[in-house]
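Please consider the structure shown below. The paragraphs that follow lead through selected features of its loops, sheet, helices and surface.

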Amino acid sequence: MEVLSNIFFEEPDGEIYYDILNSQGKEWLIGSKDIRTAFEIYQPTAIKGKILKSFFPCVYRLPFIYSMLHIKRQRLRLEPELEGILKRTFGNDVSISCFGGTPCVHQKAVIQIYKDSKILGYCKVTNSLEVGCLFDKECEDLNYLHKRGVDSIPKVLFRCDLNGLKLFCQSSVKDRNGQTVDRITEKHWLFLENVYKKTATVMKFEETDYYALLKSVRKKCGSFEKSNLEIIRRACELISEKYNNTIVEFGFYHGDFTPWNTVLENGKIKVFDFEYAKRTYPPYLDAVHYLLQKNFFVDGLSDVNQIYSSYKESSIWKKFGNKRTLEMMIMYLLEIINLYLSRTSEESLDEQNRQKIRIGILEKTVTEYANLSR
């Protein structure tokens, strides 16, 4: 991957790394020291990946295992100036693992810095000016949340540029004892409720980030075929009819609240990766994102009716009731459809299929919401 090739190079006396490449083009470089901690950067959703994460640390010393599992054993060195910055921040006696990033226009590598069984922090790296701007925004959002009294989130350690690379480093809120939970628990709800209470802002709808999102959707929706265009337009109209020229109380939206960006540790949900956050969005859209991303990437669902039924059986539906929950789904789907129009490469067939599924869910939701509103 391009970003990885900018920060690692082969060296006969370099550190040993285990190179894992999956079918989706995602790549990980797993450090050989304290290998179970090293593997914490690897967050698989498929059962094969979960088995690999549990199994490989037990057998990695057996040479024949690498070819069997299609894993390369390499000796690599981190780019010296980058290595120096990380050691000045965390100390000399640290180790790293690295995720090369999801293949997309917003691609970035994520370096995990650890020592023994403790994860010390994460450093994101990109050569993209656009992603560098996202790093700047994430720094601002994390500082904003800390000032509002939100805990269980990372702290900003540094943001700098280095030889054409953009670096953003933050502390870790997880360690090996943390658990990844696939369902929304009461602890997840407590976190979301706490964030909303501490960030809720009363303002004109036309001044919110969500209003800006609606304008962006309308601008981009010309790329859809005619039938889908009508669905998107109708969804925008329903939301605009309710909220235009009103005063709203909106709050902070994480933007990628998922099982792999949250961890249950010591009875609390800890949350990270705030790259796509917004400050003035409708409350609890993160819960909808959590459920649908779980449907796609954990449950492997690809049927509109199955996903729609899953939503109706979820704690979200039970918590808010029919009309409010349908409205949350519409508002969320407009956000995520817009996001993936911006960040996904055209050749990503998997994402194109997910976009079709989202539009199918949106059509069902809009129809049911409109019927309830009559």
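Asparagine 245 counts as exposed because its relative accessibility is 74%; buried means under 20% relative accessible area, exposed over 50%, and partly exposed in between, with a 1.4 Å probe and protein chains only. This is a predicted model, in which local features need pLDDT of at least 70 and side-chain atom pairs count only at pLDDT 80 or more, while totals for chains, interfaces and linings use all residues. Residues are numbered from 1 along each chain as its sequence is written, and side-chain values use heavy atoms, with hydrogens and water left out.

Asparagine 245 belongs to the loop between α9 (226-243) and β10. Helices (H or I, at least four residues) and strands (E, at least two) are DSSP runs, numbered from the N terminus. The phi angle of asparagine 245 is near 60°, a positive value in a residue other than glycine.

Strand β10 covers residues 247-253 and takes part in an open sheet of three strands, with the order β9-β10-β13 and antiparallel pairing. The edge strands, β9 (201-204) and β13 (278-281), each pair on one side only. On average, neighbouring strands of this sheet are turned by 45° against each other, direction ignored; axes are lines fitted to C-alpha atoms, for helices over the stretch in contact, and angles run from 0 to 180 degrees between N-to-C directions. Strands of a sheet pair through backbone hydrogen bonds, either parallel or antiparallel. Two strands count as paired if DSSP finds at least two bridges between them, and β10 and β13 are joined in the antiparallel sense over two bridges. Glycine 251 has tyrosine 281 in β13 as its bridge partner. Helix α8 (residues 209-220) packs on the sheet, where it touches β10 and β13, and its direction makes about 90° with that of β13.

The loop between β13 and α10 (285-297) holds tyrosine 284. Its phi is near 70°, again a positive value in a residue other than glycine. Tyrosine 284 is buried because its relative accessible area is 17%. Glutamate 193, in helix α7 (residues 186-199), is in contact (heavy atoms within 4.5 Å) with Tyr284 and Lys319, leaving aside its neighbours within four places in sequence. At 19% relative accessibility, glutamate 193 also counts as buried.

Phenylalanine 55 is partly exposed, since its relative accessible area is 36%.
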